[in-house]
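Hello,

Here is the structure I said I would pass on. My notes on the sheet and the helices follow below it.

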Amino acid sequence: MVGMDVDAPFAESWNQDDARKQQNTERNELLQAPKNRPTRIVAMGGGTGLPMVLRGLARRATPKAGQPGVDITAVVAMSDDGGSSGRLRRLHGALPPGDIRNCLVALAGGKSALKDVFQYRFGGAKGLAGHAVGNLLIAALAELKGDFLEAVRLSGELLGAQGQVLPSTLASVQLVAQMHDDTEVVGERNICRAHGRVRRVSLSPRSPPPVDGLLEAIYSADLIAIGPGSLYSSVLPNLLVDGVAQALKETRALKVMVANLMTQPGETDGMNCLDHVQAVIEHVGPVLDAVLVNGRQPTEESIQRYARKGSFLVTAETRELLSSGVIPVQADLLKDGSKIRHDSRKVAACLLKMARSGL
């Protein structure tokens with residue numbers, strides 16, 4: 001289905017013409033991480049997709065015999081205005097802490113009472129109802145220190161996070177969508193409710209400044225992982241921050257989009273893998289080198305169950321992806337079980353192999 005099988009040795013699995021191999025040789029040598037330092041990976045996204053990637057990478061963070069470890073930087077979209085994060089934004093003027101919290105917990109690894117406390121959500125119908133404790137703690141630290149980034153850093157220290165989490169911007173931004181019927185919808189939660197096909201998204205204010213350290217992390221990385229997750233509300237908002245797209249074009253890091261397994265009802269209906277890639281290109285230009293796609297078919301029962309909810313497999317075709325300038329890489333990324341989800345260990349193993357070996 002796709003051009004490379006990451007489960008096989010790279011030298012044997014890449015079967016395109018010699019000209020393309022020759023063209024990539026010098027680049028691949030630059031991309032290969034030195035064996036005497038940790039592999040530097042920047043993972044960009046939000047929602048549930050980014051924490052999935054981080055959980056797998058966190059297991060490889062600590063150096064072991066023959067393994068240099070992983071230096072992880074998570075970059076989180078900051079346009080969330082729903083749920084607990086949205087309430088904190090509207091009532092207290094806080095930056096949205098929810099996706100930040102989930103990433104910190106994912107990087108903490110293992111099991112601990114503190115992780116459970118961070119993720120605990122109050123019940124009831126009033127007051128604290130619906131708020132996650134970690135959201136309140138991050139918001140409180142931000143007020144106490146007068147610095148949201150310091151609040152995130154301290155929360156990471158409390159949890160023992162194996163890496164750093166960066167908000168993509170410290171500006172208070174809103175997501176704006178141009179729909180296919182030419183209407184404009186403002187706010188991430190309103191876009192989800194609109195149930196229309198998104199044509200294009202932007203941030204308001206446009207091109208907000210990047211958080212300190214973000215562009216430097218991109219330039220020094222061995223690999224940038226983009227996604228999986230909601231294309232328009234989790235993936236693209238990070239790329240619309242000022243300087244990020246240009247840094248992605250200029251960095252020597254390998255830029256890999258982790259393809260979604262299923263379409264998202266009301267957001268990516270009818271879109272295949274190429275459509276996702278082209279959406280990125282249309283918004284910010286040619287910033288992707290490769291796309292990592294699942295090569296294992298879910299059970300027919302699972303596919304049909306998702307179809308009844310309006311969610312369908314994201315298909316990928318080799319020639320189409322290659323024609324867009326992106327190299328498709330195939331591997332078994334599927335988690336065992338009845339739900340169609342990525343396996344964090346498999347995704348992390350593939351990303352690390354790509355980072356250390358090049359294409």
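Two strands are taken to pair if DSSP finds at least two bridges between them. Helices (H or I, at least four residues) and strands (E, at least two) are DSSP runs, numbered from the N terminus. This is a predicted model, in which local features need pLDDT of at least 70, side-chain atom pairs count only at pLDDT 80 or more, and totals for chains, interfaces and linings use all residues. Residues are numbered from 1 along each chain as its sequence is written, and side-chain values use heavy atoms, with hydrogens and water left out.

The sheet: seven strands form an open sheet in the order β3-β2-β1-β7-β8-β9-β10, with parallel pairing. The edges are β3 (164–167) and β10 (327–331); each has a single partner strand, so one side of each lacks a neighbour in the sheet. Strand β1 (residues 39–45) runs parallel to β7 (residues 223–226), and four bridges join them. Val-42 stands opposite Ile-224 in β7.

The helices: α5 (residues 98–108) packs with α8 (residues 148–159) at about 30 degrees, their axes 9 Å apart. Axes are lines fitted to C-alpha atoms, for helices over the stretch in contact, and angles run from 0 to 180 degrees between N-to-C directions. That makes α5 roughly parallel to α8 (angles under 35 degrees count as such). The contact (heavy atoms within 4.5 Å) is made by Ile-100, Leu-104, Val-105 and Ala-108 of α5 and by Phe-148, Val-152, Ser-155, Gly-156 and Leu-159 of α8.

Regards

Key:
Angles under 35 degrees count as roughly parallel, over 145 as roughly antiparallel, 65 to 115 as roughly perpendicular and the rest as oblique.
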